[in-house]
Every structure is written in structure tokens, then in C-alpha cells.
Amino acid sequence: AGPRLRLAAAFSLLILFAGAQALAPSHRLTDRDLTRLRAALERPFADLQAAYYSIVGLSSLGARVADEKAACRFIKSHVDSSSVDSLFYAAQSIRVLSGCEVTVSNETRELLLAAVSEDSSVTQIFHAVGALSGFGLPLASQEALTALTARLSKEENVLATIQALETASYLSQQADLSGIVEEIEDLVARLDDLGGVYLQFEEGIETTALFVAAAYKLSDHVGTEPAMKEDQIIQLMNAIFSKKNFEMLSEAFSVACAVGSLSQNRYHLPVIIVPDGPAAVSHHQPVLRLQVTDVMSRPLTQASVKLDYAKSASSKATVLQQTAFALSGDIFELNFMNVKPASGYYDFSISVDGDKRFIANKIELKVKVSTEVGITNVDLSTVDKDQSIAPKTTRVAYPAKAKGSFTADSHQNFALSFQLIDVNSGAELIPHQTFVRLHNQKTGQEVVFVAEPDSKNVYKFELDTSERKTEFDSASGTYTLYLIIGDATLENPILWNVADVVIKFPEEDAPSTVQSKNLFVPKPEIQHLFREPEKRPPTVVSNTFTALILSPLLLLLILWLKIGANISNFSFAPSIIVFHMGHAAMLGLMYVYWTQLNMFQTLKYLAILGGITFLAGNRMLAQKAVKR
Amino acid sequence: AGAVGSVVRRFLAEYGSGTPSRLKVLDAYLLYVLLTGALQFGYCLGVGTFPFNSFLSGFISAVGSFILGVCLRIQINPQNKGEFQGISPERAFADFLFATTILHLVVINFVG
């Protein structure tokens with residue numbers, strides 16, 4: 001046991017470090033979702049069960065039914081005193097409604113007490129206990145517990161266990177409820193892990209939500225923390241909150257109960273941390289705003305939100321740490337631009353404290369810092385290839401266009417150089433997109449090149465006509481030069497018409513027309529070749545051969561006559577006649593087989609004929625043998 | 001040429017006198033089958049093998065019949081009586097008929 005324990009401890013430590021980054025909730029209920037949930041519950045009551053779902057569901061969400069008096073009247077008129085289920089729905093509903101009372105007769109009480117026994121199903125016990133508790137009637141908790149435990153061991157399914165949890169939450173704490181409390185752990189083990197993100201029962205979201213509500217209700221009642229780990233709770237939340245549309249009232253009810261229990265219980269309070277708008281700051285918008293709420297999107301204004309650290313995503317250098325967010329109304333704010341960060345992406349680690357029950361209260365957020373780019377030191381020049389003439393340089397300022405045009409031909413290249421800086425900080429920038437686009441005004445051709453920075457972060461582009469012939473298809477003419485600068489962190493992408501460039505390619509390579517490569521013309525048709533029939537000889541030839549093949553038969557008959565085949569011993573004994581007839585019939589059968597029959601039919605007839613022929617032939621040959 | 005001719009004449013004379021008529025009847029049948037098979041083969045060489053299954057079935061029929069005929073001839077030849085103690089000529093003939101029936105069944109199945 002010793003080394004095993006140590007191994008287990010080491011393994012769990014490893015898991016702890018590996019799982020140090022807790023799972024972040026991927027689904028939550030926004031205000032719109034909650035409104036939809038409430039609307040789903042506010043349907044007019046179809047029956048008593050629907051009324052129960054609506055009334056109790058809405059109360060879990062902290063809302064009330066629109067007309068409580070009408071609801072109370074509905075319950076009173078629809079309750080069926082002979083049905084335990086009906087009494088349960090009524091009892092639990094009036095518990096929530098204010099000023100609604102139903103008198104319970106002795107018979108009803110006896111009925112309910114009798115239902116709490118080992119012979120009723122778990123659902124019956126649950127409803128009976130719930131009804132008794134809702135009506136405020138006394139109940140023997142220990143006996144109820146015994147009946148429940150006995151019944152539960154017979155009904156092993158998930159829904160029955162969940163109902164047992166609910167039932168136990170109505171029983172007095174003096175009864176030993178630990179056996180039922182242990183069922184929570186067993187149920188957690190039965191949850192299915194879907195991709196590490198969701199945790200739900202195979203019975204569905206409704207069952208999962210009912211489980212969450214029941215588990216917390218019982219845990220609060222008994223005073224023991226439910227045996228669920230933080231990651232499991234978050235995965236359960238993801239599964240339950242992934243359902244946004246509720247067709248069935250029971251689904252809406254279960255989700256409402258789960259939401260209600262997760263937003264107020266004694267042990268676990270999941271925190272939802274979401275940026276308010278995009279997680280981006282810039283000089284115009286220097287403040288990062290966060291919404292910190294519970295699962296019902298209610299702001300946790302009592303919490304203290306702190307930035308643990310902010311690291312640059314590229315260089316991993318910590319830019320800011322241990323700074324608190326300030327509360328402004330319902331939003332937590334932090335002015336990140338105060339530390340003058342360079343543009344780019346930053347990894348923020350944020351933690352929310354203030355209540356021991358908080359879970360999912362540490363998150364990682366990717367924040368973008370944007371800036372504006374400025375182009376400076378833009379120099380356009382024509383460089384002589386022979387290096388004999390000094391390059392002529394013209395400086396242009398953005399957004400003006402250079403006056404005059406520049407020429408690039410076989411003697412000289414065209415060159416462009418510029419620098420990109422952060423307007424606010426003056427630092428040099430290397431954006432993702434730095435393109436030089438040349439657009440032929442006459443033919444509509446455009447060619448795009450990438451301008452590369454050198455070691456000093458000065459961007460350079462050079463156009464050599466002999467090198468770039470193929471990109472241009474050797475089409476000479478006047479091209480408009482554009483500079484395109486773009487990046488995710490730039491607020492002002494640039495498309496700048498810098499100058500006009502006349503490009504002259506050597507004449508012999510110029511194509512007569514610009515060929516457009518059109519892919520969508522009809523292709524040549526494929527002719528299908530049918531299988532050619534085999535060559536056969538002409539009918540004359542095959543008919544001649546057929547006649548020819550019969551000639552040996554003629555020869556045979558002649559030869560037999562010559563030899564003197566002995567047919568004189570032909571006596572008309574029945575066996576001889578039968579034999580010859582049978583044999584002839586068999587040969588005839590062969591012909592019929594060739595023209596009409598299949599093998600099975602032929603074999604059948606052959607068996608019959610063959611049998612007859614055999615018997616007759618046997619007799620005949622035996623007689624012949626005797627004669628001899 | 002003369003030597004071959006005299007051998008052939010001698011053979012024919014011996015054959016004509018020394019062979020029972022029953023065997024001669026069988027030999028005529030064998031000759032007939034042989035000619036039929038040869039004609040079929042020649043035709044196939046001439047006009048081609050389409051349809052091949054028909055040619056095969058006809059040719060195999062000729063070949064098979066020839067073989068069965070030869071077997072029958074051996075079995076009923078009185079000179080071979082010593083080697084076929086338990087098989088009377090009638091029995092040999094019955095076997096011949098039976099085998100020929102099966103051959104015909106297969107051939108008709110294949111001729112198409």
C-alpha cells in the first residue's frame with residue numbers, strides 16, 4: 001500500500017499541475033437567453049403539472065407568475081385529491097405562491113402517508129413526501145427514508161436516484177441521510193464526458209439539469225459540500241446552458257431549476273467573466289471592460305476583480321501585474337493604455353475573489369492592443385542599372401501622390417523605400433500586410449508584390465523589368481502604383497496611390513493581345529465508342545459447313561451397309577422396343593434442352609427417361625447375353 | 001513408295017479378313033466421329049473462333065465420343081477377353097451408353 005499511495009500522490013500532483021489551467025465555461029445564459037427561458041415558462045397553464053413547472057420554474061429564476069391569484073384558483077380547481085402526483089404539484093406550487101391556501105382533508109393525508117412505503121415507486125414516494133412537506137403536514141422521516149432506500153435499491157436508474165435526492169431534501173436532518181448523499185457521487189460517475197467540454201447523462205440535458213438542482217438542494221439541506229469537482233461543475237454548466245430553445249415545458253423547468261441552484265447555494269458559485277464588447281484597447285478606447293456575473297447574468301458587484309498578469313503574446317514579457325479593476329456601474333474597468341503597451345496581442349490572466357464559493361473565477365483572456373500606423377521617409381527613385389548615373393530620388397508624403405511619372409525599362413530600375421511607425425509611440429512597426437500593387441490602366445492587369453523590411457526595418461521594393469517579365473506578361477504601359485498596409489492591430493489600414501510608373505518591356509516579347517485564361521469554355525466532346533460486334537463468317541459459308549458436317553454421317557451409313565450390320569436379330573420384344581424408344585427420347589431431350597430447358601428440368605426428365613431406358617436395356621442385354 | 005503401298009494393302013487385307021464384323025461396325029463409327037471432329041477443327045481455323053464455346057463443345061463432343069468408342073472397342077474385342085474377365089460385352093455397351101449420355105448432357109449445356 002505504501003509505494004502505491006506514493007505513486008498515486010505523485011500522479012495526482014502531476015495532474016494538478018497539468019490541469020492548473022481550469023476549464024473556462026464555454027456556454028452561459030445571456031440576458032436574452034434568460035428572457036427566452038422565462039417566456040417559455042410563462043405559457044398559459046395546460047394542466048396542473050404545467051402550472052407546477054411554470055410557477056416553480058419562474059420562482060427558481062427569481063421571477064413570479066403574472067397573475068398569482070388566477071394561478072391559485074387554477075390550482076384549487078384542478079387538484080385531484082385521489083392522485084398523489086396531482087397533490088404534489090399542487091402542494092409545491094402553493095408553497096411558492098403567496099397567500100394561496102388549500103385545505104387538506106384527513107383522507108388526503110392518509111392517502112399521502114400510505115403512499116410513502118416500499119411498495120410504491122420512487123416517483124410515488126417522492127411526490128408523497130413532497131406533497132406532505134408542501135402542505136406542512138407531519139411526516140415520519142426515518143420511515144420514509146427506509147422506504148426510499150429500499151425502493152431505490154430496486155430501481156437503479158438515474159431519474160429515480162435524482163428523485164431520491166429531492167425526496168431526501170424534504171426529510172428531517174435527524175434521519176441519517178448520508179446514504180442518499182453518497183448517491184450524488186455515484187451519479188457523477190455515470191455522467192458522460194463529451195470532448196472534455198460537456199458532462200451530461202445519456203438520458204439528456206433535462207436529466208442533467210434536474211440532477212444539478214437536486215444535488216445542490218440536498219447538499220444545502222444536509223450541510224455537506226457536494227462531491228463534484230470544479231471542472232465537472234463547469235462541464236455540467238456547459239451542457240445545461242448549451243440548450244437555448246425549449247420546446248417542452250419540462251425542459252425549461254429543469255434548466256430554470258439548475259440555473260437557480262447554481263446562482264445561489266452554500267457551496268459553489270460559478271462566475272462568468274466576459275469582456276464587454278470586443279477585448280481590444282486602443283488610444284481611442286483605452287479601457288478594458290469586463291462583465292463579471294453569476295450564471296443568471298446578475299453582476300457580482302461585491303467581488304474584487306484583479307489582473308494577475310498581462311504578458312505580450314509574442315515576447316512573453318510581463319507588461320503589467322497585480323492590478324485591480326475598478327467598478328463602474330455594473331462593469332469592471334481597467335485602463336490598460338496607461339502602461340503604454342506596444343501594439344499586438346496580450347495574454348491577460350484575471351481572477352475574481354470575494355466569496356469562498358466562487359468557482360471558474362480565474363480566466364485567461366486574449367486582449368488586442370491596436371494602434372495607428374504612419375508612413376514616413378517614402379522615397380521613390382529610378383536606379384540606373386549600369387550604376388553610371390546617380391539615382392534620382394523623389395520624396396513623397398502620405399497621402400499625396402508623387403508628381404510626374406517614373407520610368408522603368410531596360411536601363412533603369414524603379415525603387416521604393418519607406419518606413420512604418422506607430423503614430424502614438426514612434427516605434428517601428430512590422431505589419432502583416434505590406435503590398436505594392438501595380439495596376440495597368442489600359443488592360444486592367446494588376447500585379448502585387450510584397451515589400452520586405454531590411455535589418456533596419458526600412459521597407460524596400462525594387463522593380464527590375466528583366467526579372468519581372470513573366471509576372472507582367474511583358475505588357476508595357478503606364479501602371480498606377482499603390483501601397484497597401486494592413487494588420488489586425490492597425491486601426492487605419494492604408495491604400496495609397498503613390499505614383500504612376502511607366503514600364504517598358506523589350507519589344508520582341510510583347511504579346512499581341514492579352515490572353516485571358518478562361519476556364520469556363522466548353523471542352524471538346526468525347527465520342528463514345530460502342531463495342532464492336534465480333535466478326536462472323538457470312539451465312540453462306542456457315543450453311544455450307546453445316547451441310548458438309550453431315551457428310552460423315554452419310555459415309556457412316558454407307559459403311560455400315562457395306563459391312564453388313566446385322567439388324568436381322570431385331571425381335572419386337574417389349575424390352576427392346578422400350579429401350580430403343582427410351583434412348584431416342586433421351587436424345588430428343590438433349591435437343592429440347594438445347595432449345596428450351598434449363599439444367600434442372602433436363603436432369604429431372606433425364607432421370608425418368610434414363611431410368612426406364614436402363615431397366616429396359618438391362619433386360620434386353622441380359623437376354624442377349626443368355627442367347628450368346 | 002512401293003514398300004508403303006504394299007504394307008497398306010497387306011494391312012487392309014488382314015483387317016478385312018481378321019476382324020469380326022461387330023468391330024468393323026464400331027470402326028466405321030469411329031471413323032465418322034473422327035471426320036466430324038476434323039471438319040469442325042478445320043472450319044474453326046478457317047473462319048475464326050467466335051463463338052468459342054460452341055466450337056469447344058462440338059470439338060469436345062467429337063473427341064469424347066471417339067475416346068468412348070475406342071474404350072468400347074477395346075472392351076469387346078475377343079482378343080482382349082483375358083484382360084476384362086468381369087466385364088461382358090453387354091456390360092461394356094451399357095457403360096458406353098451411360099458415359100455418352102453424360103457427355104451429351106455436358107456438351108449441350110456448353111454449346112450455348
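Leaving aside its neighbours within four places in sequence, which residues is A:Gln321 in contact with? Let's start there, with contact meaning heavy atoms within 4.5 Å. The partners are A:Leu307, A:Asp308 and A:Tyr309. A:Gln321 sits in strand β8 of chain A, residues 318-324. Helices and strands here are DSSP runs (H or I, at least four residues, for a helix; E, at least two, for a strand), numbered from the N terminus. With 51% relative accessibility, A:Gln321 counts as exposed; that label needs over 50% relative accessible area, buried means under 20%, and partly exposed is in between, with a 1.4 Å probe and protein chains only.

Quick word on ground rules. This is a predicted model, where local features need pLDDT of at least 70 and side-chain atom pairs count only at pLDDT 80 or more, while totals for chains, interfaces and linings use all residues. Residues are numbered from 1 along each chain as its sequence is written, chains are lettered from A and ligands numbered from 1 in the order written, and side-chain values use heavy atoms, leaving out hydrogens and water.

Okay, chain B. Of its 112 residues, 32% count as buried. Among contacts between residues at least 6 apart in sequence, 69% join residues at least 24 apart.

Take α2(B). It has 27 residues and reaches 39 Å from first C-alpha to last, close to the 39 Å expected at 1.5 Å a residue; the expected span is 1.5 Å times one less than the number of residues. Its buried residues include B:Leu23, B:Tyr29, B:Gln40 and B:Cys44. What covers them includes α15 (539-549) and α16 (551-563) of chain A, along with α1 (2-18), α3 and α4 of chain B. After α2(B) comes B:Gly48, with a positive phi near 105°.

Next, α3(B), residues 52-76. Its 25 residues should span 36 Å at 1.5 Å a residue, and the end C-alpha atoms are 36 Å apart, which agrees. Among its buried residues are B:Phe55, B:Gly58, B:Leu68 and B:Ile76, and the buried residues of α3(B) pack against α2 (21-47) and α4 (89-111) of chain B.

Now the record. An unreviewed UniProt entry places "transmembrane region" at residues 29-48, 54-72 and 92-111 of chain B; such annotations may be inferred rather than shown by experiment. In the model, residues 29-48 of chain B are 95% helix, with end C-alpha atoms 28 Å apart. Residues 54-72 of chain B are 100% helix, with ends 27 Å apart.

The structure holds one cavity of 30 Å³ or more, and among the residues lining the largest cavity are A:Ile55, A:Arg64 and A:Glu68. A cavity is a set of points on a 1 Å grid over the protein atoms alone where a 1.4 Å probe fits but cannot get out; a pocket is an open set with protein on both sides within 12 Å along at least five of seven lines, and lining residues have an atom within 4 Å of a point.

The second largest pocket is lined by 34 residues, with A:Tyr52, A:Glu166, A:Lys217, A:Phe253 and A:Cys257 nearest its centre. The largest share of that lining, eight residues, comes from α11(A).

Conventions. Grid points are joined across faces, edges and corners, and a volume is the space filled by probe spheres set on the points.
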